[in-house]
Amino acid sequence: MTAAGYRVAPARLDQVAAESGSRADALHTAQAAVAGEKVPAAAFGRVSESAAAAKTFEKTMTELGAKLESGVSRLRTIQNGLTASAAGYRRADAQVAAMYRALLPEDPLPRAGNPAGIGGSADTGAWAHAIADNRVKVADALTAERSRLAVLTDADEIARSRARIKLYEDILANDRQILKFDPAGNGRIAELVGHIEPGTRNVGLFVPGVNTQMANFDAYAGLGRSLVAADPTGRTAMVVWADGVFPQNPVVQGPDAGYAQAMAPDLKNFADDLRGEIASHAGSDVTLTAIGHSYGGATVGLAEAHGLDVDRVLHVESAGMGHGVWSPADLPASQAGVQRYSMTAPFDPIEIAQGNAWGLEWTGIGHGADPDTFPGVTELETGRNASGAELWGLSSHSDVLKPGSESWTNIYRVLTTGPVVPDGGAAMNGVLR
């Protein structure tokens with residue numbers, strides 16, 4: 001924002017606010033130390049003046065503690081004021097941007113290179129208002145989280161709070177395209193990476209698994225960025241979808257299908273909206289691929305049971321095809337043409353869950369059939385990581401998502417309809433025959 005020859009930089013205000021917060025923390029530590037300082041009268045010697053000296057020392061420490069406490073209060077006030085100011089400037093910027101976007105036509109006339117009159121990028125079309133509104137919400141959440149961090153004492157909570165603040169700051173600093181946002185509880189969020197526009201040919205919809213929350217969302221968004229950046233033609237976009245309540249404990253909550261059952265209809269509806277954006281901004285010649293990792297695979301599977309409108313599905317270290325899905329007959333007719341792929345690294349503990357309901361399916365436990373053996377699914381090689389070591393065991397569960405690994409390459413090729421490497425086989429064309 002500029003006016004009368006000066007520029008307000010919200011990021012700089014955030015930086016100074018953080019510095020003020022750090023100084024307040026340091027002063028608070030000193031104040032706590034001073035408040036707890038007690039010296040017995042005998043420390044000044046067993047003379048008549050020792051009691052007076054002890055009282056003088058106590059009075060001095062009390063006055064010093066009060067001054068330090070006042071300093072902490074002033075720094076907190078400055079911190080909160082700067083943070084609120086930064087959020088206010090960002091809110092104003094977002095509102096002005098939304099106002100101007102609203103003036104732009106959403107469906108341009110046919111023109112050379114775009115004879116069908118396909119609209120511009122989805123981030124300047126029907127989703128523009130959601131992105132602008134969520135930018136305001138993120139700015140407000142940043143203000144609230146900074147205030148919350150100032151009073152936290154639990155180390156784990158502090159770490160999660162700082163991770164949220166880092167995410168919010170990065171979203172605002174880099175104009176990230178947030179489609180869904182709710183900071184309540186563990187948080188819910190969805191982000192568009194790249195652009196849905198004329199020329200886009202591949203769109204991915206990634207759903208993460210157990211322990212997904214706002215504090216670790218950026219790790220999954222990073223996967224989306226790596227896949228988009230890998231396409232030299234610029235024809236690939238990704239949506240990273242964490243707009244649901246995910247289980248947070250793999251042993252206690254992981255086998256429970258209830259979380260997936262709650263998320264699946266929302267995911268199906270979101271995919272319908274995504275199809276609409278693709279149709280209006282990129283046309284019909286686009287491949288939409290749903291990628292489910294771990295518990296996210298079971299969520300994608302149940303969304304298929306609701307008629308998930310995608311061309312391809314990729315299960316990555318997936319918990320299963322979805323609660324109650326044991327054969328293609330358990331899926332609606334709309335899913336008959338979906339191409340399906342799966343990959344599971346050797347000895348990943350997720351194998352315990354795949355295809356196993358432990359005889360308790362009637363209670364809502366279990367995630368249906370093993371994706372690796374489901375009829376019509378092409379099982380893919382996970383191979384080796386970027387260092388050349390074979391992917392296997394517990395660490396492989398997340399390592400398969402890391403760029404440079406053979407598993408990541410297979411994910412990219414499914415997304416872009418390139419040649420994939422089947423499990424134990426040579427490369428084959430990505431289109432099933």
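Student: What am I looking at, and how is it numbered?
Tutor: This is a predicted model, so local features need pLDDT of at least 70 and side-chain atom pairs pLDDT 80 or more, while totals for chains, interfaces and linings use all residues. Numbering runs from 1 along each chain as its sequence is written, and side-chain values use heavy atoms, without hydrogens or water.

Student: OK. What phi does Thr-417 take?
Tutor: A positive one, about 55°, and Thr-417 is not a glycine. Most residues other than glycine have a negative phi.

Student: Where does Thr-417 sit?
Tutor: In the segment after α9 (406–415). The positive phi comes just after that helix. Helices (H or I, at least four residues) and strands (E, at least two) are DSSP runs, numbered from the N terminus.

Student: How many residues of α9 are buried?
Tutor: Seven of the ten, so α9 is largely enclosed by the rest of the structure.

Student: Which residues of α9 are they?
Tutor: Ser-407, Trp-408, Asn-410, Ile-411, Tyr-412, Val-414 and Leu-415.

Student: Back to phi. What about Asp-175?
Tutor: Asp-175 has a positive phi too, about 50°, and is not a glycine. It lies in the loop between α4 and β3 (177–182).

Student: Is Asp-175 buried or exposed?
Tutor: Asp-175 is exposed, at 53% relative accessible area.

Student: Switching to charges. How many salt bridges does the structure hold?
Tutor: The count is 18. A salt bridge here is a side-chain nitrogen of Lys or Arg within 4 Å of a carboxyl oxygen of Asp or Glu.

Student: What does Asp-218 pair with?
Tutor: Arg-176, with the closest N and O atoms 2.7 Å apart. The pair links distant parts of the chain. Asp-218 is in helix α5 (residues 217–229), Arg-176 in the loop between α4 and β3, and 42 residues separate them.

Student: Which of those two is buried, and which partly exposed?
Tutor: Arg-176 is buried, at 10% relative accessibility. Asp-218 is partly exposed, at 27%.

Student: What network are Asp-218 and Arg-176 in?
Tutor: A network of salt bridges that links Asp-170, Arg-176, Glu-191, Asp-218 and Arg-225.

Student: And Arg-340? What does its side chain meet?
Tutor: The side chain of Glu-304, in a salt bridge of 2.9 Å, N to O. This pair also links distant parts of the chain: Arg-340 is in strand β9, Glu-304 in helix α7 (residues 295–305), 36 residues apart. Both Arg-340 and Glu-304 are buried.

Student: One more pair. How far apart are the closest N and O atoms of Lys-402 and Asp-399?
Tutor: They are 3.0 Å apart, in a salt bridge. Lys-402 is partly exposed, at 48% relative accessibility.

Student: What about Glu-379 and Asp-423, how far apart in sequence and in space?
Tutor: They are 44 residues apart in sequence and 5.6 Å apart in space, C-alpha to C-alpha. Glu-379 lies in strand β10 and is partly exposed, with a relative accessible area of 27%.

Student: Where is Trp-358?
Tutor: In the loop between β9 (339–343) and β10 (377–379). At 40% relative accessibility, Trp-358 is partly exposed.

Student: What counts as a pocket?
Tutor: An open set of points, on a 1 Å grid over the protein atoms alone, where a 1.4 Å probe fits, with protein on both sides within 12 Å along at least five of seven lines. Lining residues have an atom within 4 Å of a point. Points are joined across faces, edges and corners, and the volume is the space filled by probe spheres set on them.

Student: And what volume has the second largest pocket?
Tutor: About 460 Å³. It is lined by 19 residues, with Gly-21, Asp-25, Leu-149, Ala-150 and Arg-162 nearest its centre.

Student: Which elements give two or more residues to that lining?
Tutor: Helices α1 (10–35), α2 (50–102), α3 (128–149) and α4 (155–173).

Methods: Buried means under 20% relative accessible area, exposed over 50%, partly exposed in between (1.4 Å probe, protein chains only).
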